[in-house]
Amino acid sequence: MTDDRDPETHDAPADKDTQEPVEKRVEQADDNLVHFNPWRDFSDAPRRIDVFGDEPDAEQIATFMGVVFGYSEGLIPVRSFIDKGQGFDGRPHNIWVDANEAAPEKMTTFARWAWREGAAVYVIPGVVAEQGQAKATDIVGMQTVVVDLDCGDIDAKLAHLARHLGQPTMIVESGGVTGDGQQKCHVWWKLSEPAEGEEIARVCRLRGEIAVKVGGDKHFRSAHQPIRVAGSVYYKNNFKTLVRIVEVDPYLDHDLTELEEAVLDMPPAPGITFEPSFAQDDKPLVEDVLTRPVREGAQDGWSRFEGASAAIGHFIRMVHEGRMTKDEGWEGICQYNAAMLRPSWSVERLQRESERIWALHVEKNGPPALSVSLRAPGPIQVDAFSLGALLDDRSPMPEDLIAPRVLTPGGLLVLGGAPKVGKSDFLISWLVHMAAGEPFLGFAPPRPLRVFYLQAEIQYDYLRERLQSIALDPDVIARARGTFVATPKLRLLLDSDGQTGVAEAIRHAFPDEPVDVLCIDPIRNVFDGGTDGGGENDNDAMMFFLRERVELLREAVNPDCGVILAHHTKKLAKQQVKEDPFLALSGASSLRGFYTSGIIMHRPDEERTERRLEIELRNGPAMPAMLVDKRGGRWVEIRQQGERLVRAEYGAQLDAERLRKRDAILELLLSEAAEGRMYSAYQFAETFENKAGLGGLSTIRERLSVLATKGYVKFVKDEAARALGLDSARLKFGFLCAEGMVLGPLEDAVDEETGEVFRGGRPVLPSHHKCAQTGAALPVENPSVWVHREEDAA
């Protein structure tokens, strides 16, 4: 089906935008939409890329939006981010645009803003129901089938698709170029009506099947795989060009069922085969191999090796692409061996050949889907070593990722703590130091580590605020700038789709070297317990999460990387925490049996800021607990030599009572002096026995003696006492004196210089103090200066 419009107008360049910059939140910027005055080029010369036409093209964006979303109802997830290879970074921006008549204008506005920022523009070719949704399970409607051709002979693949599937609705040159200079492209088939519900899975399977048969990008088997917007600008590797529509018939629709049948009948494109790479053209197809017996000595013109290799290659490909599980693939290999090879191979030989072909396939096609074990299909191997072998093996131990044995290669560390205890702040400081190769509170890395911090609690702006508030040495910041990578708050589960997205983000963050440390904070926010939907308290669900989610993700990015999981703790009595702090970890007990090291962070005293780190190591000797605190923006270790080990709470109560008595004695001395009464130590004790909660005579005298030694109480005697009208001749130390004491009675007085009226008495300054070493009464050097030996004790 065609129309009578001029096809050349679909990719005509637009006039330059002379409007003022628009708001970044383009979905709310209707008044600031940029309008175009398009012109048309009716030249019938062959199409060529306009090197100056690198501005967004509103007409092409409108055409693209009509093909991809013209029938849809919902919200279109849109994203922009900085393409690789430009020499600078930037944060991604996400918006959701209503799929209605205004969508092309809003997309043009967003594309122009992204163009000014040097960012590429992508959409998920489907609609969602609510803002913030963009996962595969959130897609509620799709109206196109698309394949991304990014390698090989693009022209041959396009001809193959047109011959077997019919003319595509739209072909878009994505901006990239293959190794032999051909333009990479996206090929679109618009459906006659949007796919909804279970039909979305049919569309995704169809996209994957087309990609497999023509050597396209297989990521489009996922419903939430984004794609570049035609009419936007491509910036990758310092090459800037327009993502341009080269062919389009917006009225050409395809029926989903008919398209499925055509794809099923379509053979692989030239150069694409389902056979192993070593198979010859004159050998039977795999379909024939699986049902054709092969006898020893190549009696059938087809050796047992060739037949077994072809069959193994078929099952390995099915496993690699996620069409079979590992166990199903091995079962198929064994069944072929038993039924078709005459005589059959041994299990050992079958396994060796499977592992060889698996290695070749992974090397050629990359790692499998994360839902597939990275090991070749085959029986489970269990290694076992004799006592002698273990004793004789003197090879060097693997280097700790974080010494001493806190995080070992391939190890799992769980950091637990109550909400708001400071886990995330502590983790960020710790990980930044590890990324810089610097020790932190006695934990030391062997070198600067590549750290990926996957966190699901702190939004972007508050994450950067927290990082900027941490007191870090400039050298630490300089060395960790490129080796510490953190995500803003994620809203995803670590299911198969989440694993794929996270693995891709890690590879993008560290393209040259594998990640050393992967931290997930907290596991509660990304927990996936499997199809049964068990929670953290379910042992089976927890083991599923650890083995099928965390371990599989580790295997995909680096089998030797260390994993740190931040986890919440439950409320326990303080005595229980003292006896076994790791019982406080939330969730199933299987977590403790799985990790290689654990750290519990808690406050021994809720009235104080210090946190205690209880450390448990499976691969090393026990470590003593640590007391840490954040002071001046830095985490520091508090030495515990002066800390009470026995009856600490009761001791703290006694300390508080002594401080209260000190304050009560000083207040009484000052108030009594203001009334004209001063006391010796003995007389004060007799006068205030059992008053103000001070206790008996001996208790008050002991407190006064301690206060005098510490400098809180001094004395007035001899000439200083006579000047106040007091007789201290019979007193060893004299009259008690406190800082700021005034002898009354207080009367109104006039300042001779200012004329101010105030209540005044005679200031009382000490003449003697008690020597802290001998206990003798010694003259004070400067009566106006008070020196306390301890500010916090009494």
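**Close-up 1. Asp 400 and its salt-bridge partner Arg 405 in the predicted model.** Asp 400 counts as buried, with a relative accessibility of 15%, and its side chain forms a salt bridge with Arg 405 in which the closest N and O atoms lie 3.6 Å apart.

**Close-up 2. The salt bridge between Asp 473 and Arg 634.** The two side chains meet at an N to O distance of 3.1 Å, and the pair links distant parts of the chain, 161 residues apart. Asp 473 belongs to the loop between α12 (460-469) and α13 (474-480), whereas Arg 634 lies in strand β23 (residues 634-637). Both residues are partly exposed, Asp 473 with a relative accessible area of 38% and Arg 634 with one of 36%.

**Close-up 3. The salt bridge between Arg 524 and Glu 536.** Here the side chains of Arg 524 and Glu 536 meet at 3.2 Å, N to O, and both residues are found in the loop between β18 (517-521) and α15 (539-557), 12 residues apart. Arg 524 counts as partly exposed at 39% relative accessibility, while Glu 536, at 15%, falls under the 20% cut-off and therefore counts as buried.

**Close-up 4. A salt-bridge network that includes Arg 608 and Glu 610.** Salt bridges with shared partners join Arg 608, Glu 610, Arg 611, Asp 629 and Arg 631 into one network. For the predicted model, the count of salt bridges comes to 28.

Methods
Residues are numbered from 1 along each chain as its sequence is written. This is a predicted model: local features need pLDDT of at least 70, side-chain atom pairs count only at pLDDT 80 or more; totals for chains, interfaces and linings use all residues. Side-chain values use heavy atoms; hydrogens and water are left out. A salt bridge is a side-chain nitrogen of Lys or Arg within 4 Å of a carboxyl oxygen of Asp or Glu. Buried means under 20% relative accessible area, exposed over 50%, partly exposed in between (1.4 Å probe, protein chains only). Helices (H or I, at least four residues) and strands (E, at least two) are DSSP runs, numbered from the N terminus.
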